[in-house]
Amino acid sequence: MIIGYVVGSATTQEANVLLEKKVRSGYYVTLEYDDEKVLGLVTLITTGSPLVDDNLNDIELIQRIKQMGNKIPFYMKAKVKLLCKLDGKLSQPDLPPVAGTPVRLATREELSNIFSEGTIKIGNLIGSDVEVKLRVNALTRHLAILAATGSGKSNTVAVLSSRLSEINGSVVIFDYHGEYYESDIKNLNNIEPKINPLNLTPNEFATLLEIRENAIIQYRILRRAFKSFLNEIKEKLNQSTINYEDLNNKFREYIIKKVEEVSKTEKRKDSKDEVINKIEDFLDRYSDIIDFTAGDVIEKIRIGKVNVVNLSSLDEDAIDAIVSHYLRKILTSRKENKVKRKTGLRFPVLVVIEEAHVLLSKDSNTLTKLWASRIAREGRKFGVGLIIVSQRPKGIDENILSQMTNKIILKIVEPADKKYVLETSDNLSEDIVEGLSSLDTGEAVIVGNIVRMPAIVKIDKFEGRLAGSDPNLIEEWKNAKEEVEEHSDVLNWGE
Ligand SMILES: Nc1ncnc2c1ncn2[C@@H]1O[C@H](COP(=O)(O)OP(=O)(O)OP(=O)(O)O)[C@@H](O)[C@H]1O
């Protein structure tokens with residue numbers, strides 16, 4: 001069905017179309033010219049009138065035209081981004097369309113050949129029943145899910161991760177707000193956020209204490225003390241002269257005693273004191289995640305599951321400690337498996353980091369950012385993919401965001417966010433980014449190797465229940481009031 005004709009000047013990237021049928025931005029069209037069929041994407045719709053144009057300043061003239069019962073003539077135009085030739089290879093158009101070239105809505109078959117070739121369905125092209133299926137193997141080149149608050153990030157994560165688990169995928173979600181932990185996502189595997197010091201290397205423990213390797217004396221003291229502690233404990237455990245619960249209660253005392261011992265040969269006392277302060281501080285802040293009875297984090301990750309680490313009860317520093325520890329263990333364990341085959345994590349993992357503008361902030365050096373950067377650089381070779389989620393893209397570290405080859409971008413309104421997303425993406429164009437403000441909830445632009453062409457998609461609604469959604473205040477007040485009235489003899493909340 002012809003919807004209009006090319007007018008004015010055009011390039012191999014873009015053409016303007018005078019419409020005779022109504023369409024909305026996000027629709028796909030085809031143009032046949034130069035013996036080729038070219039796929040286009042409507043990125044902007046404008047209207048105007050040859051009679052009542054911007055120069056008209058006389059309101060009475062309009063009123064008189066309306067009073068004579070005449071309709072004011074108007075036109076609708078579409079800006080069309082030329083995507084590719086429908087030649088199987090989806091190559092770039094060699095020539096622009098000339099004025100008068102007819103423009104048709106792309107057919108279901110034309111669109112299915114491009115967008116329905118992937119492995120897992122994420123939704124449908126906007127305004128159509130053409131399924132959009134993602135090419136899952138491309139996820140090792142990482143993915144960013146970006147959107148303003150309330151636009152559908154969590155829904156997208158839930159749909160994506162549950163469908164990945166249905167094809168035996170292994171996803172680890174660091175659940176910042178506890179939304180997935182209590183949800184009814186299929187194949188859910190909840191993991192308690194614990195770290196067992198016996199599974200830490202001295203370097204890891206130093207990193208958790210934020211003792212950097214360039215703090216040479218402190219690092220040396222801690223490294224010696226922790227190694228000596230590990231050797232002694234492992235010996236006692238072999239002789240079963242100590243139990244794990246006891247360790248949980250006496251860890252602080254044991255490790256500080258070791259620091260005192262190894263520091264005897266050190267000239268500078270202040271370094272020892274600094275190390276003890278960092279240990280005290282660490283255990284004051286992280287005591288609820290240190291657990292000698294906890295197994296190795298890698299052993300808790302299951303294949304074909306959505307492995308959710310509930311971080312909602314922890315503060316930002318503890319979250320950083322846990323997430324960085326997991327990232328480090330996952331990357332090193334996958335490397336181990338690649339080299340030794342028989343040991344280490346035996347399957348690829350996709351790791352979802354929410355609140356990426358906090359944990360991967362461009363303005364701070366979190367422990368998580370250190371390892372997320374390594375995974376962004378090296379993870380592809382070892383089957384570790386990052387999926388970062390944020391409602392404030394401009395707060396994310398530029399190097400990390402620019403390595404997220406794939407993007408699912410829902411509604412973004414803030415100009416600074418849009419500009420930053422455009423600057424850190426080499427597969428997004430200005431006109432597509434401009435259109436982000438007009439997306440409705442659950443509508444997204446998907447770009448990168450996970451799709452063959454930029455896709456404007458209505459993401460499927462997650463069938464299950466996600467926790468963490470906004471509380472129903474009226475409902476909760478009503479229930480609480482009824483409870484007080486029912487038990488007024490024992491309860492006197494808020495009276
Ligand atoms: N694809 C969709 N189809 C229909 N409704 C959707 C879709 N995605 C999200 N919603 C609805 O929009 C609301 C917000 O969704 P969601 O919590 O996923 O957004 P969010 O960006 O994660 O929000 P926040 O930033 O607050 O976490 C929810 O009520 C959800 O049901």
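The questions below cover a pocket and the cavities of this predicted model.

Student: How many cavities of 30 Å³ or more does a search of the whole structure find?
Tutor: The search covers the whole structure.

Student: Which element gives the largest share of the lining of the largest cavity?
Tutor: The largest cavity holds about 130 Å³ of space. Its lining has 15 residues, and S25, G26, I432, G435 and I456 are the closest to its centre. Both α13 (430–434) and β4 (36–48) supply at least two lining residues. The largest share, three residues, comes from β4.

Student: How many charged residues are in the lining of the second largest cavity?
Tutor: This cavity has a volume of about 40 Å³. Its lining consists of F229, E232, Y254, K257, K258 and E261. Glu and Lys count as charged, while Phe and Tyr count as nonpolar. That gives two nonpolar residues, no polar ones, and a charged count of four.

Student: Which helix gives the most to that lining?
Tutor: Two helices, α5 (216–238) and α6 (244–262), each supply at least two of the lining residues. Four residues come from the helix that gives the most, α6.

Student: Which strands each supply at least two residues of the lining of the second largest pocket?
Tutor: The second largest pocket has a volume of about 250 Å³. Of its 17 lining residues, V136, N137, T140, P348 and L350 are the closest to the centre. By class the lining has 10 nonpolar, seven polar and no charged residues. The strands asked for are β13 (349–353) and β14 (384–390).

Key. Residues numbered from 1 in each chain as written. Predicted model: local features only at pLDDT ≥ 70, side-chain atom pairs only at ≥ 80, totals over all residues. Heavy atoms only, no water. 1 Å grid on protein atoms, 1.4 Å probe; cavity = no way out; pocket = protein on both sides within 12 Å on 5 of 7 lines; lining within 4 Å. Points joined across faces, edges and corners; volume = space filled by probe spheres on them.
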